[in-house]
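Reader: I'd like to learn how to read a model like this one. Where do we start?

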Amino acid sequence: MGVVLADSQHAHIVHKVMMQAFKEYEHATSPSSALSETVSSIERALQNGEQAFISYMENEPVAMVRFTLNDEGIYFFRLSVVPEKQGQGLAKMLIAEVENYARAQGKSVSECKVRMSVPRNIALYRALGYVITKETMAENLNGISLPVVTMEKTL
């Protein structure tokens with residue numbers, strides 16, 4: 001298993017893994033705006049400061065996470081594990097990779113936002129030491145408002 005720091009040339013891989021992972025939210029009351037993203041929009045984001053890690057098993061991309069750095073920390077999002085590899089610790093491994101990367105950049109906080117309607121994700125982050133710092137209504141890229149929590153961990 002290996003992890004690669006992606007660049008804009010990896011946008012199609014980031015997109016493919018994300019589409020597989022977020023497909024389960026296709027028929028949710030508020031479908032994830034991740035499903036509206038395109039290879040081009042991801043490529044542009046990666047050219048404009050966004051970063052991503054891609055995890056491979058047997059040369060196949062199986063998980064990825066996107067992130068940005070800010071003044072005090074790192075913000076990660078769109079954590080994606082292909083359905084057939086879920087439950088094998090890949091999400092935890094990628095979060096550890098993000099946290100280690102942030103520390104190496106001198107950052108002290110890791111942050112993410114989670115839909116309140118997905119308690120298993122909140123539980124995952126809690127198990128890794130994240131705490132809820134804020135509850136808000138967020139508007140996704142589709143213009144739909146939904147309740148989310150901001151979760152943070154001091155690194």
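Author: Helices (H or I, at least four residues) and strands (E, at least two) are DSSP runs, numbered from the N terminus. This is a predicted model: local features need pLDDT of at least 70 and side-chain atom pairs pLDDT 80 or more, while totals for chains, interfaces and linings use all residues. Residues are numbered from 1 along each chain as its sequence is written, and side-chain values use heavy atoms, with hydrogens and water left out.

Reader: How many helices and strands does the chain have?

Author: Four helices and seven strands. Along the sequence, the order is β-α-α-β-β-β-α-β-α-β-β.

Reader: What is the radius of gyration of the chain?

Author: The radius of gyration is taken over C-alpha atoms, and the globule rule is 2.2 Å times the number of residues to the power 0.38. For 155 residues, the rule puts a compact globule near 15 Å. The chain has 15 Å, so it agrees. Its C-alpha atoms fill a box of roughly 40 × 40 × 30 Å along the principal axes.

Reader: Which share of the contacts joins residues 24 or more positions apart?

Author: Contact means heavy atoms within 4.5 Å. Take the contacts with a separation of 6 or more: 62% of them are between residues 24 or more positions apart.

Reader: What percentage of the residues counts as buried?

Author: Buried means under 20% relative accessible area, exposed over 50%, and partly exposed in between (1.4 Å probe, protein chains only). Of the 155 residues, 46% count as buried. Eight of its nine residues are buried, so E4 is largely enclosed by the rest of the structure.

Reader: Which strands pair with E4?

Author: Two strands pair if DSSP finds at least two bridges between them. Strand E3 (residues 60-69) pairs with E4 in the antiparallel sense, over six bridges. A hairpin of three residues joins E3 to E4. E5 pairs with E4 in the parallel sense, over three bridges. There, Ile74 has Ser110 of E5 as its bridge partner.

Reader: What do E4, H3 and E5 make together?

Author: A right-handed β-α-β unit. Right-handed means that, with the strands pointing away from the viewer, the path from the first strand over the helix to the second runs clockwise.

Reader: Now a helix. Which residues of H4 are buried, and which are exposed?

Author: The general idea comes first. An α-helix has 3.6 residues a turn, so residues three or four places apart point the same way. In H4 (residues 119-127), Ile122, Leu124 and Tyr125 are buried. They span an arc of only 155° around the axis, which puts them on the same side of H4. That arc is taken from the directions from the helix axis to the C-beta atoms. Pro119 and Ala127, on the other side, are exposed. After H4 comes Gly129, with a positive phi near 95°.

Reader: Which residues other than glycine have a positive phi?

Author: Most residues other than glycine have a negative phi. Glu58 and Arg78 are two cases to look at. Glu58 has phi near 50°. It sits in the loop between strand E2 (51-57) and E3, and it is exposed at 78% relative accessible area. Arg78 has phi of about 60°. Arg78 lies in strand E4 and counts as buried at 18%.

Reader: How many aromatic pairs are there?

Author: Seven. Rings of Phe, Tyr and Trp (its six-membered ring) pair if their centres lie within 6.5 Å; planes under 30 degrees apart count as stacked, over 60 as edge-to-face and the rest as tilted. The rings of Tyr75 and Phe77 have centres 5.5 Å apart and planes at 20°, so this pair is stacked. Tyr75 is partly exposed at 21% relative accessible area, whereas Phe77 is buried at 19%. Ring pairs also link Phe53, Phe67 and Tyr101 into a cluster.

Reader: One last residue. Where does His12 lie?

Author: In helix H1 (residues 11-22). At 45% relative accessibility, His12 counts as partly exposed. From His12 to Glu99 is 87 residues in sequence and 24 Å in space, C-alpha to C-alpha.
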